[in-house]
Amino acid sequence: MANTYKIAVIPGDGTGPEVVAEGKKVLDVAAAKFGFKLDMNDFDYGGDRFLRTGEILPENAADELKQYDSIYLGAIGHPDVKPGILEKGILLRLRFELDQYINLRPVKLYPGVETPLKDKGPEQIDYVVVRENTGGIYTGTGGFSMKGTEHEVATQSMVYSRHQVDRCLKYAFEYAQRHGKKARGKGSANTLGLVGKTNVLTYVFDLWERAFNELGASDYADVAREYYHVDATCMWMVKSPEWFDVLVTSNMFGDIITDLGAITQGGMGIAAGGNINPEGVSMFEPIGGSAPKYTGQGIINPLASIVAGAMMLDTLGETEASVAIENAVMEVTGKKLKSLSAGNMGYSTSEVGDLVASLL
Ligand code: IPM
Ligand code: MN
């Protein structure tokens with residue numbers, strides 16, 4: 001019997017619903033073609049619901065979402081809601097409560113897509129960042145004292161447990177074994193690079209580095225190990241992105257370097273990511289945000305959302321369908337679209353979805 005996957009869909013705010021609609025279109029075609037079923041159920045979490053009801057997220061939202069095989073997210077962020085409320089109250093809360101401790105962010109330049117990096121093309125820009133997603137500064141202790149006075153003190157500490165670091169590294173090593181350059185026929189080794197700051201953050205990244213080397217030597221000796229400081233990583237991401245294969249890093253560093261990575265792959269119209277709980281329910285999203293100024297015009301690029309859908313299928317085990325969607329997307333970027341940016345694609349949002357679906 002065909003596998004059926006229960007998918008919770010959170011279209012969210014702004015252009016989220018428009019891009020998610022195209023993603024669903026493509027996912028449905030992929031399901032029919034590759035012989036599985038997707039049972040998709042919409043949730044109205046987002047800014048409009050908050051403005052209407054005053055509730056950011058129902059108390060039991062995470063428990064309800066745990067009943068699903070995966071979550072497909074559009075975008076969170078509303079122009080009438082103060083920044084931070086929805087991001088923290090929905091996106092971060094779901095990541096934490098569902099223990100999605102990995103944020104997987106491929107940095108891959110597709111054919112035909114313009115990059116700001118001079119003389120670099122799809123051959124050079126093709127690596128993956130594994131960002132730790134539930135710890136570090138994002139969840140470390142902090143607070144104010146003497147707030148509002150001239151003696152005010154604010155703290156926000158970078159806290160990591162060995163357990164958090166180990167489970168993230170384990171995922172990253174296994175990802176490198178499965179998807180590294182050797183596994184993809186693009187190099188002689190699968191390489192995992194730890195991105196840290198061992199020269200200054202001598203406690204937290206000492207822990208990361210020891211765990212990295214111990215785990216690597218004992219369980220993943222077939223994966224080559226490299227270490228890079230985060231500041232230098234930013235330079236090399238611009239100058240020599242071809243050096244990278246799979247990178248693993250902390251939550252805050254991963255947040256920062258993946259925006260840099262996204263712009264090198266053509267920007268927010270194409271960059272997708274997965275918030276992954278390898279033992280639980282994961283959530284896939286285009287990383288571009290809700291782009292409110294384009295809402296309702298049918299001009300936003302849905303490819304990032306479609307790629308997020310492909311990542312979701314890979315994580316569900318439907319790898320063939322995932323690869324087929326990505327290939328169709330590459331054909332669309334390579335042969336069809338004029339540009340990735342909203343309003344300049346040469347096609348409407350739904351026409352881009354149709355193109356990908358028809359090429360499947
Ligand atoms: C991201 C975003 C989020 C983050 C924000 C919106 C909370 O920047 O997914 O990278 O910091 O993780
Ligand atoms: Mn970010």
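Guide: Phe205 is found in helix α6. Helices here are DSSP runs of H or I with at least four residues, strands are runs of E with at least two, and both are numbered from the N terminus. This is a predicted model, in which local features need pLDDT of at least 70 and side-chain atom pairs count only at pLDDT 80 or more, while totals for chains, interfaces and linings use all residues. Residues are numbered from 1 along each chain as its sequence is written, chains are lettered from A and ligands numbered from 1 in the order in which they are written, and side-chain values use heavy atoms, with hydrogens and water left out.

Phe205 has a relative accessibility of 0% and therefore counts as buried. The term buried means under 20% relative accessible area, exposed means over 50%, and partly exposed is in between (1.4 Å probe, protein chains only). Leu194 is eleven residues from Phe205 in sequence, and their C-alpha atoms are 9.6 Å apart in space.

Helix α6 also holds Arg210. With a relative accessible area of 40%, Arg210 is partly exposed. Its side chain makes a polar contact with the side chain of Asp206, at 2.8 Å. A polar contact is a pair of N or O atoms within 3.5 Å; within protein, one must be able to donate a hydrogen and the other to accept it, and residues adjacent in sequence count only if both atoms are side-chain atoms. Between Arg210 and Arg162 there are 9.9 Å from C-alpha to C-alpha, although the two are 48 residues apart in sequence.

The structure holds 13 aromatic pairs, and one of them joins Tyr220 to Phe173. Rings of Phe, Tyr and Trp (its six-membered ring) pair if their centres lie within 6.5 Å; planes under 30 degrees apart count as stacked, over 60 as edge-to-face and the rest as tilted. The rings of Phe173 and Tyr220 are stacked, with 4.9 Å from centre to centre and 5° between the planes. Elsewhere, Tyr127, Tyr228, Trp236, Trp243 and Phe244 form one aromatic cluster.

Next comes the ligand. Domain 1 (1-110 + 271-360) and domain 2 (115-265) both give residues to the shell around ligand 1, so the ligand lies between them. The domain bounds come from an automatic or database domain assignment. The surrounding residues are Glu87, Leu92, Arg95, Arg105, Arg131, Tyr138 and Asp255; a residue is near a molecule if one of its heavy atoms lies within 4 Å of it. By class, this shell has two nonpolar, no polar and five charged residues. Ala, Val, Leu, Ile, Met, Phe, Trp, Tyr, Cys and Pro count as nonpolar, Asp, Glu, Lys and Arg as charged, and the others, Gly among them, as polar. Helix α4 (residues 85-97) gives the largest share of the shell, three residues.

Several polar side-chain atoms lie beside oxygen atoms of ligand 1: one of Arg95 at 2.7 Å, one of Arg131 at 2.8 Å and one of Asp255 at 2.9 Å. The protein covers 74% of the 320 Å² of accessible area that ligand 1 has on its own. Such areas come from the Shrake-Rupley method with a 1.4 Å probe; for residues, only the protein chains shown count as cover.

The loops deserve a look too. Asp119 lies in the loop between β4 (102-108) and β5 (126-132). Asp119 is not a glycine, yet has a positive phi of about 65°. Most residues other than glycine have a negative phi. At a relative accessible area of 68%, Asp119 is exposed. Val113 lies in the loop between β4 and β5, but Val113 is buried, at 10% relative accessibility. Val113 and Thr264 are 151 residues apart in sequence and 9.8 Å apart in space, C-alpha to C-alpha.

Ala291, in the loop between β12 (282-286) and α9 (303-316), is not a glycine and has a positive phi of about 40°. Its relative accessibility of 24% makes Ala291 partly exposed.
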